[in-house]
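Trainee: Hi! Could you walk me through this structure, please?
Mentor: Happy to. Let's have a look together.

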Amino acid sequence: MPDHALLPLTALGARTPRVDSVGGLTITEVPDVALASLACRRGCDAALAATAEALLGVALPPVAGWAGTGPYGVFWTGPGQWMVEAPYATHEDLPDRLKAVVDDAGSVTEQSDAWVRFDVEGEHALALFERLCALDLGRMPAATVQRTAIDHLGCFVQCREAGRRYGAYGPRSAAASLHHALLTAARSVSRDRKVFP
Amino acid sequence: MSQTNRLAGGGLIDRSRVLTFTFDGRTYQGHPGDTLASALLANGVRLMGRSFKYHRPRGPLSAGSEEPNALVELRDGARREPNTRATTAELFDGLTARSQNRWPSLRFDALAVNDRLSTFLTAGFYYKTFMWPRSFWEKVYEPAIRKAAGLGRLSMQDDPDVYDKGFLHCDLLVIGAGPAGLAAALTAGRAGARVILADEDFRLGGRLNAETLTLDDAPAADWVAAILAELASLPTVRVMPRTTVVGAFDHGVYGAVERVADHLPVPEPGMPRQILWRIYSRRALLCAGATERPIAFADNDRPGILQAGALRAYANRWGAAVARRVAVFTNSDDGHRTARDLHAHGLEIAAVIDVRSDAPRSPDYEVLAGAQVVGTAGRLGLTGITVRTADGGTRKVSCGALGVSGGWNPAVHLTCHQGARPRWDAAIAAFVPGPDLPPGLAVAGAAAGTFSTAGALREGAAGALAALADLGVAATAPALPRAEDAPAGITAFWHVASDAGRAWLDQQNDVTVKDVKLAHQEGFRAVEHLKRYTTLGMATDQGKTSNMGALAIMAELTGKPIPEVGTTMFRPPYTPVALGTLAGRSRGDDFRPRRLTPTHAWAAEQGAVFVEVGTWMRAQYFPRPGETHWRQTVDREVLAVRSAVGVCDVTTLGKIDVQGTDAASFLDRIYCNGMAKLAVGRVRYGLMLREDGMAKDDGTAARLAEDHFVVTTTTANAVAVFRHMEFCRQCLWPDLDVQVISTTDAWAQIAVAGPRARDLLRRVVDPTTDLSNDAFPFMACAAVTVCGGLRARLFRISFSGELAYELAVPARYGDALVRALMAAGADLGVTPYGTEALGVLRIEKGHAAGNEINGQTTARMLGLGRMVSSKKDSIGAVLSRREALDGPVPLRLVGLRPVNPADPVVAGAHLLARGAPTTAASDEGWVTSAAFSPHVGSAIGLGFLAGGEGRIGEIVRAVDPLGGTDVAVEVVVPHFVDPDGEKLRA
């Protein structure tokens, strides 16, 4: 628990995360995520891979990959770049922990409040994302992450369970717009609609 | 009596249910499965509209999306949609439609007087007539023409429906669900490929629905139903009825419009009315069929004259007769099929007029071989035709409907959307898809010029097999049913030569054979010129039933073969698309996403007025009770900052984290001024230039560690600067060890400005940080903690010219921080200020912002010329030293103050020397920014003035020709407060 007396707000501006259920789809705001970006310094690939794995318990994933164990998750965001996830409640100091192990092999930047995450779950999840982004989610297996544009916003979409559970990271300042886009699409697809497996 | 022309049996309509609808206020009945056109015809209504130019009475020509005539205003109130094709509008209970382009009524239309004036209203009429007197154009001619132009009326209300967009992916996109499309989808679906089968109709089956054909000796409808049932059971097949593929784009991408709710009285809550799909296909097969073309002859536009194929479609699919006594005019065997079908339905066939002397005979009705229709009668609907028989005589034939068949045009449109041209096939006298198809697209069935049912089935299956083989998917051809396989017997025939009456080509735009002749006579012979001179092929139907006939006539006139005349360019969309569909969800407040600052909710609680700044919503000012004008509020906020302390959310300024062992070298190359030697714990103002030497953006760089900087940018250029840095890092200097990432959203950043700023911060920043001027001087920065331990960053920088800081905390704590600052500073007079006050403060201080760094200005113009370091290289540095860059008398940033304090200073006003004429030639600069300064007590401005640095004290004129102001202003140094910077260093 922090020592200070300041109370945080979620990205949607409330004390508690927002949960919406629309036609079999549940959209949940997930504020309990600490994020830190990890970028490889020039010529330090091996050192970064080794030191990061020592902390995270998994190897840094390849293109479009996600890996995780215990409190940590990590996904690829670009050549030599990854985003590390951990519960905010216990890992608010994630960047410090990460920097402590990777040292000069990597650049670490706090990203916890740069993003908002919405988890989307339900049998129409594919239909929902069909309305929102150009990704071919029907061919996206679990434990993968793709970057895309949703409602003009640069987002990461994580597949947690193919066809059913996804996470969408978008810019925190546009959380309300992203949430609105998700809700609108959910209402739009709320009737039964056949989609590709 | 209701539905007088509904046939006794047959048709793919649900006769067990009755739907009630109105047309022009009169109530009618139809059945599920009807279109508005089929239901009206069943009720004996042939007259459905008036033509565009001559207001000629018109009925439907077709039974599909190619319809030029039967356009109506569908629905009421805000949902009223003009120019809707009655031939595709699906009937629902309570449907309301009105005819359009007529006054006072459809039967009696006053503007039909145009028809009497048709001799004068030929092609090119406007261009020739409205040239004189010139002054009449804007005031008289144009308003009058605009009033007369157009067909339907907009509701002028907001569209209450919602629209959506989406993205689909497939191995094979099958466009059209006739026999070819169904065979293709079945073949690919059984192989496990991802298939999308899209058809514009609400009932799949294509022409099979309109014919009396059998497949394997059973009605075609049975086969269609069985195939659709199987397709529905295949997990990788997506069947999309009511979906028109409207465009073929690059890389196998197709645009499609799905009409989700157009067949419902009102969409269900949340349900989009239409969806614009972007379909990413690996392969596509066009099975869009063909469109029947009419033959032009005198007065061939009367209600009751239809495509022969449409006539039998209305009978076979909808059980509707256009009239009880019918004639057919044809140049092919296909016209005879219409006669046979209608005869089988019990209708009387008055005659079949076939231009071919060897026309097939019939035991059931008279066939006039080698004959032509040369005239028609009936003011509001056909009553009879005049036939010129093979022996040269004429004969009157009484009939209420005439089916015309001039052959079929394959629907080649999508094959040409990327610039390809179709190929002429003399065997069917039509254009077929050319060899240069869009990559990944193949064509099957009637769209490829194969008109028999067996041929369509065969080509559909083969097309799918070929596409799958390309993709490496194993597939086998399905067993196809036995079907008719008759060759197309046709003799090319385009128009009946006659001097009497007008022979209509484009019924939507009232273009006649004579108009084409006139275009030829006046030299508009290329098809694209012909189109624009006569308006042929324009408007909602894009000439689907008319272009072919017109260019055949042009070929005759020019003595060229038809393929040499060619076609006009086919462009998307294939059929009209509502603007709402193109907009999708992006309209009104949802036009684009909005970014909210971390203190947005708090600012809203304070009653802030917000303003859009790019995509951000920022607090513009915070009115208090009793303040009746925004200026009162802004003046108060400005004075509070100058006299006590103010707080302002500046999160929107871009923040970029720059790390790496070469981070300092990197910034040295990005900024024109030196950054490499900036000490850790210090901030420096930086200016970056474009490659051409012009100013690009400004901001600050704070060095948090040897290998770690935080760079700020302007709000407007946050993304552009980040992109620029990524480009430089990846492409220009990949050898540098530097990593960049945006942290704009991650940190809530609050400006704390004013002489009491330090006092306030001492109450918030934890005492472990010494904020004294010695320990934390101007341009210092540090990682600190606030409010008992929250990590934060503190920068002592000033935009206002006051003692000022910017304090950043993780964004989730931004709201709590501003509340803490307001609570802690109550006795210090802490005042929230918005962007308006921010602007006034920076103008008073003479800080350049977006108005000054607008892409047209240089470092020297901004008074920052000496910042461009000569000790190192940086982007734009060399070109910024071009001698001619600033011109012979360089513009310089100056301050401007009105001689009369009551006068306004207007941004955008031009600066002219006193006594100079108010002309562009006398222009000496312009006012970039202006505000009322409560500190100065008058309006003030910043601006660029030729030779400005040497003209301090001079009086010049600020002239705003648009607003009509001409104000004497004194040129002053651009620092209205604290020119020596003592306050910000205090």
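Mentor: Let's start where two helices touch: B:Val513, B:Val516, B:Lys517 and B:His520 in α10(B) meet B:Ala550, B:Ile553, B:Met554, B:Leu557 and B:Thr558 in α12(B). Keep in mind that this is a predicted model.

Trainee: What about α7 and α8 of chain B, how do they pack?
Mentor: Helix α7 (residues 308-318) and helix α8 (residues 333-344) of chain B pack at about 25°, with 9 Å between their axes. That makes α7(B) and α8(B) roughly parallel to each other.

Trainee: Is the crossing of α7(B) and α8(B) left-handed or right-handed?
Mentor: Left-handed.

Trainee: And which residues of α7(B) and α8(B) meet there?
Mentor: From α7(B) you have B:Ala308, B:Gly309, B:Leu311, B:Arg312, B:Ala315 and B:Asn316. Facing them in α8(B) are B:Asp334, B:Arg337, B:Thr338, B:Asp341 and B:Leu342.

Trainee: Let me zoom out. How many helices and strands does chain B have?
Mentor: Chain B has 21 helices and 50 strands. Its C-alpha trace spans about 115 × 70 × 55 Å along the principal axes.

Trainee: And how much of chain B is buried?
Mentor: Buried residues make up 59% of its 986 residues. There is also a figure for contacts: of those in chain B with a separation of 6 or more, 66% are between residues 24 or more positions apart.

Trainee: Changing topic: how many aromatic pairs are there over all chains?
Mentor: A search of the whole structure finds 18. One of them is B:Phe329 with B:Phe493, an edge-to-face pair with 6.5 Å from centre to centre and 70° between the planes.

Trainee: Where do B:Phe329 and B:Phe493 sit in the chain?
Mentor: B:Phe329 is in strand β18 (residues 325-330) of chain B, while B:Phe493 is in the loop between α9 (453-471) and β29 (504-506). The pair links distant parts of the chain, 164 residues apart.

Trainee: Buried or exposed, those two?
Mentor: B:Phe329 is buried, with a relative accessible area of 0%, and B:Phe493 is buried too, with 15%.

Trainee: How accessible are B:Trp926 and B:Phe944?
Mentor: B:Trp926 counts as partly exposed at 21% relative accessibility, whereas B:Phe944 is buried at 0%.

Trainee: Which rings form a cluster?
Mentor: Ring pairs link A:Phe75, A:Trp115, A:Phe156 and A:Tyr169 into one.

Trainee: Which ring does B:Arg812 lie over?
Mentor: B:Arg812 lies over the face of A:Tyr88, at 3.5 Å from the ring centre. In chain B, B:Arg631 lies over the face of B:Phe932, at 3.7 Å from the ring centre.

Trainee: Last topic, the backbone. Where are there cis peptide bonds?
Mentor: One joins B:Trp103 and B:Pro104, with omega about 5°. B:Pro104 is found in the loop between β7 (96-98) and α2 (113-116) of chain B. Another runs from B:Pro572 to B:Pro573, with omega near 0°, and B:Pro573 lies in the loop between α13 (562-565) and α14 (579-583) of chain B.

Trainee: Why point those out?
Mentor: Because most peptide bonds are trans, and likewise most residues other than glycine have a negative phi.

Trainee: Then what is the phi of A:Asp151?
Mentor: It is positive, about 55°, although A:Asp151 is not a glycine. A:Asp151 sits in the loop between β9 (144-150) and β10 (153-161) of chain A and is buried, with a relative accessible area of 14%.

How values were computed
Residues are numbered from 1 along each chain as its sequence is written. Chains are lettered from A and ligands numbered from 1 in the order in which they are written. This is a predicted model: local features need pLDDT of at least 70, side-chain atom pairs count only at pLDDT 80 or more; totals for chains, interfaces and linings use all residues. Side-chain values use heavy atoms; hydrogens and water are left out. Rings of Phe, Tyr and Trp (its six-membered ring) pair if their centres lie within 6.5 Å; planes under 30 degrees apart count as stacked, over 60 as edge-to-face and the rest as tilted. Helices (H or I, at least four residues) and strands (E, at least two) are DSSP runs, numbered from the N terminus. Buried means under 20% relative accessible area, exposed over 50%, partly exposed in between (1.4 Å probe, protein chains only). A charge sits over a ring if NZ of Lys or CZ of Arg is within 6 Å of the ring centre and within 35 degrees of the ring normal. Contact means heavy atoms within 4.5 Å. Axes are lines fitted to C-alpha atoms, for helices over the stretch in contact, and angles run from 0 to 180 degrees between N-to-C directions. Angles under 35 degrees count as roughly parallel, over 145 as roughly antiparallel, 65 to 115 as roughly perpendicular and the rest as oblique. A crossing is left-handed if the near helix is turned anticlockwise from the far one by less than a right angle, and right-handed if clockwise.
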